[in-house]
Amino acid sequence: MFEVLIDSVKNIALASGFANVNWQQLVMIVISCALAYLAIAKGYEPLLLLPIAFGMMLTNIPNNGLFHMEFYIGNSIDYGTVLHDGGLLDILYLGVKLGLYPPLIFLGIGTMTDFGPLIANPKSFLLGAAAQLGIFIAFIGALLLGFTPEEASSIGIIGGADGPTAILVTKTLAPHLLGSIAVAAYSYMALVPVIQPPIMKALTTKKERAVRMDTLRPVSRTEKIVFPIVVTLVVCFLVPDATPLIGMLMLGNLMKESGVVDRLVKTAQNELMNIITICLGVTVGATARYDYFLTAKTLGILFMGLAAFCIGTAGGVLLGKLMYVLSGGKINPLIGSAGVSAVPMAARVSQKVGSEEDPTNFLLMHAMGPNVAGVIGSAVAAGVLLSIYG
């Protein structure tokens, strides 16, 4: 009896994670703790960074059977194997692999977005488009570094500062890089208040940063209702691959602006958004397994992702400077930096940097135009890349 007990204890010990862990898994657990610290202590994108960090921790604990990345590598998925042999996170990850979670996130974003500043100042579309420059520059840079076109597309989209869009593109074109790209995308989104201000100040003068812009005109309810319908028809006819993101974004906004489906709007803003955020964050974090994350490619992704984000910020500011000149000094170039689609954080950064020159200057609503235009722009850029390489 005693020997049986000893053997049982020995078998439990040999099967435990402590007996099977390697140094790479320990490194990944440390990284996950660092991300959790940034989410909890610093408040950097906690709603997604915290679930991502915990998912990363879970997937790097040996022998727990929660997630098997090998099920999803390749052009086809054996759903029978996933459902029969997969763990909890394997099942939840189907929502990522099938492209369900990112469009549902966009639905929730749509119900919380006010396109009024963009409608009132259509020139904001140009600033939102200019901020997507980083996507295509990073795409070219990644190709030069030896990444495949599919991988380069996924890396470039980080420059849009739009996590769900980056996930949708990567899960389709380069699923083996999903963990690295998701961590890079959300880390840089969280660091918008740190990364953007030095670039904005370097590219503008004190006089430009102090420009006061005219008050935006009032936007009618009819305009706000027509806008999502028109954008959906125009963009989705031009770039059909952008339809999942643009369609859900505009549906959410139409629901909000119509004023007749408050229950649906509240559900999309709260319960649905929260549930999808948890599932998306944990499962994306689970893809950051040590054997896929701790590679030379990850360093390249982090470098090119940062470059994409910085170039996107610079592109928006530089076009803002051009518009400042063409308008006779009526447009503050700082609002161009909000063209990256980190809503509303990038717009708040434009306000903060502008208020450092003039505390009474209010740029937030002007910056929201390029900010929401950037959401549309990054989705269109994703659609273009998917149509070419998908």
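**Disulfides.** I looked for disulfides, meaning pairs of cysteine sulfur atoms within 2.5 Å, and the count came to zero. I was working on a predicted model, where local features need pLDDT of at least 70, side-chain atom pairs count only at pLDDT 80 or more, and totals for chains, interfaces and linings use all residues. Residues are numbered from 1 along each chain as its sequence is written, and side-chain values use heavy atoms, with hydrogens and water left out.

I checked accessibility next (buried is under 20% relative accessible area, exposed over 50%, partly exposed in between, with a 1.4 Å probe and protein chains only). Cys33 is partly exposed at 40%, while Cys236 is buried at 12%.

**Gln196.** Is Gln196 buried or exposed? Gln196 is buried, with a relative accessible area of 0%. Its side chain makes a polar contact with the side chain of Thr313, at 3.0 Å. For that I used N or O atoms within 3.5 Å; within protein, one must be able to donate a hydrogen and the other to accept it, and residues adjacent in sequence count only if both atoms are side-chain atoms. Beyond its neighbours within four places in sequence, Gln196 has contacts (heavy atoms within 4.5 Å) that include Phe309, Ser337 and Val349.
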